[in-house]
There are 2 protein chains.
Amino acid sequence: MATVDTMVEDIDFRRRWPGFDFRKLGRRLMTINLSDLAAMGATPRYALVSLALPRALSTWAIDRLYAGIAQQAQRFGCAIAGGDLSATRGPLTLTAAVFGELPKGSRPLTRRGARAGWRIGVTGRLGSAAAGLKLLEGGRRPATPAERSWVRAQLEPVPRLEAAQILRRAGVRVAGDISDGLYREVEKIAEPAGLGAELWADELPIEASLGRCHGVAAWRLALFDSEDYELICAAPRRQLDTAAAALRASTGLRLTQVGRLTREPGITLVRNGRRLRLRHGGFEHFR
Amino acid sequence: MATVDTMVEDIDFRRRWPGFDFRKLGRRLMTINLSDLAAMGATPRYALVSLALPRALSTWAIDRLYAGIAQQAQRFGCAIAGGDLSATRGPLTLTAAVFGELPKGSRPLTRRGARAGWRIGVTGRLGSAAAGLKLLEGGRRPATPAERSWVRAQLEPVPRLEAAQILRRAGVRVAGDISDGLYREVEKIAEPAGLGAELWADELPIEASLGRCHGVAAWRLALFDSEDYELICAAPRRQLDTAAAALRASTGLRLTQVGRLTREPGITLVRNGRRLRLRHGGFEHFR
């Protein structure tokens with residue numbers, strides 16, 4: 001199994017964010033790739049890294065960037081097998097390709113193959129990374145422990161490699177990672193199967209400290225903006241119950257059932273007993 | 001074996017070159033990576049591609065770019081295993097990572113391990129790609145068959161995958177690809193081994209049509225600017241003779257002995273019976 005991801009300055013990150021750190025940037029480059037591998041149920045083996053560097057970037061910055069890459073790779077058992085440095089007149093552009101192996105005889109996890117009636121589960125908690133991004137984009141240094149944890153969730157997500165193996169061993173076959181908002185990730189699982197989904201607002205595992213962030217309700221952050229690199233999966237209810245118990249026992253991480261797949265197309269949110277029809281980036285009252 | 005390479009607009013190519021074609025650009029992205037694999041003696045298996053695209057780039061352009069990538073990958077037996085598209089506010093930035101396998105039980109070709117007295121060989125002919133680049137940078141469309149062949153050498157080099165396997169089977173162990181000027185490639189082989197090299201100007205396999213290009217003698221293009229993605233190798237004379245015969249028989253490609261490795265450090269050029277001491281980008285008369 002293999003995956004590649006590119007991070008482009010001023011699209012995926014900004015050097016002028018308060019507290020910007022090249023080492024964290026390097027770690028995040030590896031994380032987003034390792035998370036992709038986790039979503040396939042693969043174990044990372046080695047990585048290739050290609051950096052397009054603006055000429056004004058100092059050696060010090062490049063060293064820290066590379067240290068972050070190497071650190072995160074090593075932490076997750078991944079060898080840096082090679083790389084390429086280019087100059088660029090444009091933004092700092094970082095690419096990593098990561099290769100992993102599946103346990104012998106096992107098939108990769110994919111977003112395909114979900115069935116109507118299956119439950120949708122997510123690991124950990126959602127919304128913090130989006131709240132962190134709002135803080136960083138506002139140019140404000142995080143001032144409270146909660147704010148610091150949101151920024152950390154944005155800059156230093158954890159690839160759920162171990163959790164993915166536990167889900168897989170519990171029989172889960174349909175999974176992905178959440179980098180694009182929960183709504184969009186649910187859609188990626190439901191649509192190709194010709195299904196819809198119902199999500200339960202009260203069950204969303206929203207980070208407790210979130211409340212309201214810049215006037216946006218936490219459940220909206222979790223639903224539309226979540227990029228916490230948690231895992232999403234779909235399976236029959238009992239299988240998710242088993243997986244949740246195994247996950248909690250080995251890692252302390254929660255697996256929360258946040259909805260179910262439906263024969264009816266479209267994605268609806270059940271909130272305070274009302275059904276809202278969700279669309280990209282928003283919702284409408286259900287007819 | 002794996003390799004990664006990035007091409008950055010306005011560093012590695014320009015869209016305003018006369019006759020610029022996204023399909024050729026896509027093919028070249030694959031070629032420079034396939035050439036790296038060839039230099040290791042590996043056979044390509046699959047590739048990952050990551051494109052950072054300026055927003056103004058048309059779908060038509062992206063389609064052609066991707067068609068070129070897919071075409072060249074397929075031509076050399078390489079499956080596109082995945083990819084990533086990013087937006088960028090900067091230059092078009094293309095990265096490919098390519099994975100290959102070595103024949104069972106064989107070790108990779110490397111630039112390390114050369115010995116004093118060994119001959120230095122190069123495949124094909126050198127200098128055309130550099131001449132092509134000068135034409136393109138001058139903004140002039142190629143007007144003669146020779147000029148067209150130079151531009152083709154720059155834009156559409158051929159990865160020497162088959163040639164590398166033939167060299168390897170003939171017992172060659174020290175090799176690389178020429179993307180950075182012959183001088184620099186010889187240095188990469190000689191220096192780590194604590195050796196020097198002597199190059200024979202009259203033996204350089206310079207493309208016959210070159211003569212003088214923009215006032216630069218052909219042998220200088222071949223020596224300092226060659227980026228023809230030919231192979232360089234080092235081995236005992238007899239082994240190179242055998243390899244050359246095998247190469248010519250299977251592919252018609254020449255393997256020319258252009259010099260030898262010496263115990264004395266430094267790289268010298270023997271030309272018209274005189275010895276010139278070479279340096280980066282130039283030379284000085286030998287003391």
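Analyst: A word on terms first: helices (H or I, at least four residues) and strands (E, at least two) are DSSP runs, numbered from the N terminus. The model is predicted, so to speak of local features a pLDDT of at least 70 is needed, side-chain atom pairs count only at pLDDT 80 or more, and totals for chains, interfaces and linings use all residues. Residues are numbered from 1 along each chain as its sequence is written, while chains are lettered from A and ligands numbered from 1 in the order in which they are written.

User: Great. How many helices and strands are there in chain A?
Analyst: Chain A has eight helices and 14 strands.

User: And what is its radius of gyration?
Analyst: It is 19 Å for chain A, which agrees with the value near 19 Å that a compact globule of 287 residues would have. The radius is taken over C-alpha atoms, and the globule rule is 2.2 Å times the number of residues to the power 0.38. The C-alpha atoms of chain A fill a box of roughly 55 × 50 × 35 Å along the principal axes.

User: What percentage of chain A is buried?
Analyst: Buried residues are 52% of the 287 in chain A. A residue is buried if 20 or more other C-beta atoms lie within 10 Å of its own, exposed if 12 or fewer, and partly exposed in between, with C-beta atoms placed from the backbone.

User: What about contacts along the sequence?
Analyst: Among contacts in chain A between residues at least 6 apart in sequence, 83% join residues at least 24 apart. Two residues are in contact if their C-beta atoms, placed from the backbone, lie within 7 Å.

User: Let's do sheets. What is the strand order in the open sheet of four strands in chain A?
Analyst: The order is E1-E4-E2-E3, with mixed pairing. Strands E1 (2-8) and E3 (79-88) of chain A are at the edges, each pairing on one side only. Neighbouring strands in this sheet are turned by 15° against each other on average, direction ignored. Pairing here needs at least two bridges between two strands, as found by DSSP.

User: How do E2 and E3 of chain A run, parallel or antiparallel?
Analyst: They run parallel, with nine bridges joining E2 (residues 43-54) to E3 in chain A. One pair to click on is A:Ala47 with its bridge partner A:Ile80 in E3(A).

User: Which strands does E11 of chain A join up with?
Analyst: Strand E5 (residues 119-123) is antiparallel to E11 (residues 255-262) in chain A, over five bridges, and there A:Val122 stands opposite A:Thr256. Strand E7 (residues 196-200) of chain A also runs antiparallel to E11(A), over four bridges, with A:Gly196 opposite A:Thr262.

User: Switching to the dimer side: how many residues of chain A are in contact with chain B?
Analyst: In chain A, 24 residues are in contact with 24 residues of chain B. E1, E2, E3 and E4 of chain A each supply at least two residues of that side, and the largest share, seven residues, comes from E3(A).

User: What sort of residues are they?
Analyst: On chain A's side they divide into ten nonpolar, ten polar and four charged. Ala, Val, Leu, Ile, Met, Phe, Trp, Tyr, Cys and Pro count as nonpolar, Asp, Glu, Lys and Arg as charged, and the others, Gly among them, as polar.

User: Last one: how many residues of H3 in chain B are buried?
Analyst: Eight of the ten residues in H3 (residues 128-137) of chain B are buried, and the helix is mostly covered. Among them are B:Leu133, B:Leu135 and B:Leu136. Just after H3(B), B:Gly139 takes a positive phi of about 75°.

Notes
Axes are lines fitted to C-alpha atoms, for helices over the stretch in contact, and angles run from 0 to 180 degrees between N-to-C directions.
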